[in-house]
Structure formats: C-alpha cells, structure tokens
Amino acid sequence: MYRRRWLLADQLGPHFLDDPDQPVLLVEIRELFRRRPMHRQKAHLILSALRHRAAELGDRALLLRTGTFREALAQVAEPVEVCHPHSRAALRFARSVPELTVLPPRGFITSRADFAGWADRPRRGPLRVADFYRYAKRRHDILTAPAGAAGPGRRPRAEGRDASAVSPPPPPIVEDDIDAEVRRDLDRWAADGVRFVGRDGPRRHPATHAEAQARLTHFLTHRLPGYGRYADVMSGDDPVFAHSVLSSSFNLGLLHPEPAVRAAEQAWRDGTAPRTAVEPFVRGLLGWREFLWQLYWYFEPQFRGANWLAATEPLPEWFAELDADAVEARCLADVLGAVRDQAWTHHTPRLLVLGNYALQRGWRPTELADWFQRCFVDGTDWVMNATVIGMSQYADLARLDTRPYAVDGTDIDEISDYCAGCRYAPEQALGELACPYTGGFESFLHRNRGRLVGDPRLAAELARRDEPEHREAVLAQEEKRGSTPP
C-alpha cells in the first residue's frame, strides 16, 4: 500500500516525489495567513503554487482546506509521509503526529551529515561561508577544473555589456483561472478581516516548475554572462539588472539548486559565460544558500537572541506598512516602494538600503527579520534568521559575519544611480542636505564605539570622525531624526 506523500507549500517541485503513481496530499490553512500580516503578493504566490501543483497532479492529489494541519491529516485514510520540513516549528509538528513518517531533507545539495562533518572538524575556528564554499566545491566537484579549461577554444562573451538592456525580456507570467480564484479568495479573506501589507498586482513570480524552468533557461542564456558585472548594482531605472529573480522558485521547491549550478558551470565550460559571472551565481546557490540552510539546523534556536549591538527600537509604522511615499531619501523610497509593489528586491538593496538603515537606527533585529519574512516572496525562517539577524544586523556574536554591515551614503552612491536624483548629499553628515545614511553611519559608530574598536576598518572610520564638536553635533542631529521617515 502506498503512503500518501504530503507536499508542504515549499516542496512543490518534481524532486519531492519519487513514484509517478504515489498519491499526494496538499493542505491549505487559512489561519496561517491570519496570524500576522503577509504581503498580498506573497500570499497569492503561495496559494497559486499549491493549487497549480494540485491541478498538475490531477486525481493523484488530495487538496484539503481545513482549520489546522492536524484536522487535514485526520481526514486521510492511508498512511502519510512527508519530506523533512524547512522550519523547526513544522518539524516539531510533524514529529508530534503519530504514524506520520518524516523522510530526510530534500532540495539542497550538501547533506546535513556532510556539513556537520565539515563544521565539527578539529581546529575549525568560526564558521565562514567562504570556507564552506571551498569545501562544497571540492565535495561536489563543481568549478574545480583548472583555469583555461572552459571549453575547446571558444572565447567567453564580453562582460562589459549592459545585461538588461540587450537581453530579451524573460518569459512572461500569464495568470490563469487558478490565479483568478486565488485573487477572489484573498479579496474575500481581506473583507473578513485577514490583513495584508503591500499592493496586489499581477503575479510576477513562477508558481509552477515549468514557469520556473523557463525563467532559469532564459537567465542562463541571456543574463548569466553579465551577472558578475551587474549583480551588486542598484538602479531606480532597472531593479533587476542581471538577476534571475528565482529565489522564490528555489524556496518554494519548484527548482532544485543542483541542476541550476551544473547548468551554469556548463555555460562556462561551453564558453558562453565567463567564470567571473558563473562563480558568483554558483556561490550564491552552492555556497550562501546552502550555508544558511545548514546553519539554521546546526545551531540551537537561541541563535536568534544574542543581539550583540543591543538594538532595542521597534520597527516604525511607516517602514512596517511599506509607506514609501513618506520617505524623501531616494534610495530608501525606491527600495521600500519596490517591496510594496513587487515583494522583492535583490540582495544589495536588502543589505545596503533596508538592513543598513535599520542597523544604523537600532531597530530590533528579530522584528526586522520577521518583516523581511512576511514582506518578501522568498522570505523563509531559515533564510532570514541568518541573513537579517546574523549578517545584516550583526546580532549573533559574529557567527555569520566579522563586522556589522554598515556603510554611509558615499558607498551607496558608488554602486547606484540613486544619489544623483536625491535631495540629500551623500558626502554630508551634517546640515539640511546631510544624507541620513551618512549621518546615521557616524551616529551608529559613535553609539557602539566600545564594541566596534576591535575591527580595524571600523576603528579607522571612527578615527576619521572623532573630532568632538562634529561628533556631538552628528549624535544630536540623528537622535532628533530617530526613526522618523528620512
């Protein structure tokens, strides 16, 4: 007798099934959307992906809409199994259900046992993503060929092109009857008191494996060659540049990372993309994404609570509600508006604009992590726990990064076009034109000087800004600004 495979909402790709005849369980729980405000477009994507998977599987799938998961499982006659959930809460629940078999994790490249073997090695020192990435490349034999081995005589395409300007647009997302049904349901839920943040809009992200694979193929063909040059660039004119915008597809389980990594490596070997473009893309999946997943399970749950910089200010309402119109600083207004309108930005605006501002203002890291998880289509606990709390807000006793991810307005100016159209001057820390990021950075350094003087870079930054009168003026200015929209 088959066990029915329960596919969770982040386990929707073909690699979460083994047998073409195995029956499947899918469950919708409306109350999960009531517990805390989620971005409207994220809620739409989750429900659309669940319902599209049920439609693909046809008679094999049992889609239940119940008050709790336990109620749903009670309606299933045959034994049920589930792949290892991707959150501690879901795993605790799965293990509490009698007769529910929990299978090993899927959707990642490195096994938990391999990571533990690497992390527990003698004299390992702090766990760093760069060290893990080197290990993972060797372990999985990815990008290990010597320099010059990229194909038989073909030259990689030049990097110095505008990846977004010359490439055709990606395959469009075409909404269907399932999306229309989801939108009607969400409208009804909102009328019944379920609260969402952000704006509704046409679905922008894949809800099926086929849609995600088409987007991945387009990226590998047209955008990957420019990825190394444009991955960190921010622009108000083009928020995507060379990015694949497939993070939600990987986190929903629509795509498995290993075929994507192998395909990118093959592009380098074929000479269609330079290694300087392929390496950062592979590092993001094989290194960074895998590292975050493994850290989530390797460390105990109190990983969330260290808060070394003692940031205690609550998230202000304008930020929590995505009120970009209240903001005059062009970079923050544009990025917060992108979250409001699209539920997505790439990694640089997340770190340098959103996370950097929160760090400078001393906002609570756990509140910020929760905000990222609710407001981004790719937001998950295992990602945001480490990237926001550990990396962006430096609140985990340096387990993830060696210094706070704080910069001033001149750094934002170097890699973006935002400052040219802004009322603030990125080089000024004081006065009417003072950039809130530049003044905020100085204030952050002075408030935390006792904790930061051990870092050579930050100690040098402090020394350059340590004239007493200037220091006190900046501190007074930024204390007055506080968490009001800049």
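Which residue forms a salt bridge with D341, and how far apart are the closest N and O atoms? The views below are taken from a predicted model, in which local features need pLDDT of at least 70 and side-chain atom pairs count only at pLDDT 80 or more, while totals for chains, interfaces and linings use all residues. Residues are numbered from 1 along each chain as its sequence is written, and side-chain values use heavy atoms, with hydrogens and water left out.

**View A. The salt bridge of D341 with R199.** The partner of D341 is R199, with the closest N and O atoms 3.3 Å apart; a salt bridge is a side-chain nitrogen of Lys or Arg within 4 Å of a carboxyl oxygen of Asp or Glu. The pair links distant parts of the chain, 142 residues apart, since D341 lies in helix α15 (residues 330-342) and R199 in the loop between β7 (196-197) and α9 (209-223). Helices (H or I, at least four residues) and strands (E, at least two) are DSSP runs, numbered from the N terminus. D341 is partly exposed, at a relative accessible area of 22%, as is R199, at 41%; buried means under 20%, exposed over 50%, and partly exposed in between (1.4 Å probe, protein chains only).

**View B. The salt bridge between E265 and R269.** The N to O distance is 3.0 Å, and the two residues stand four apart in helix α12 (residues 257-270), about one helical turn. E265 is buried at 6% relative accessibility, whereas R269 is partly exposed at 23%.

**View C. A network of salt bridges.** E28, R51, R65, E181, D185 and R188 are linked in this network; the structure holds 43 salt bridges.
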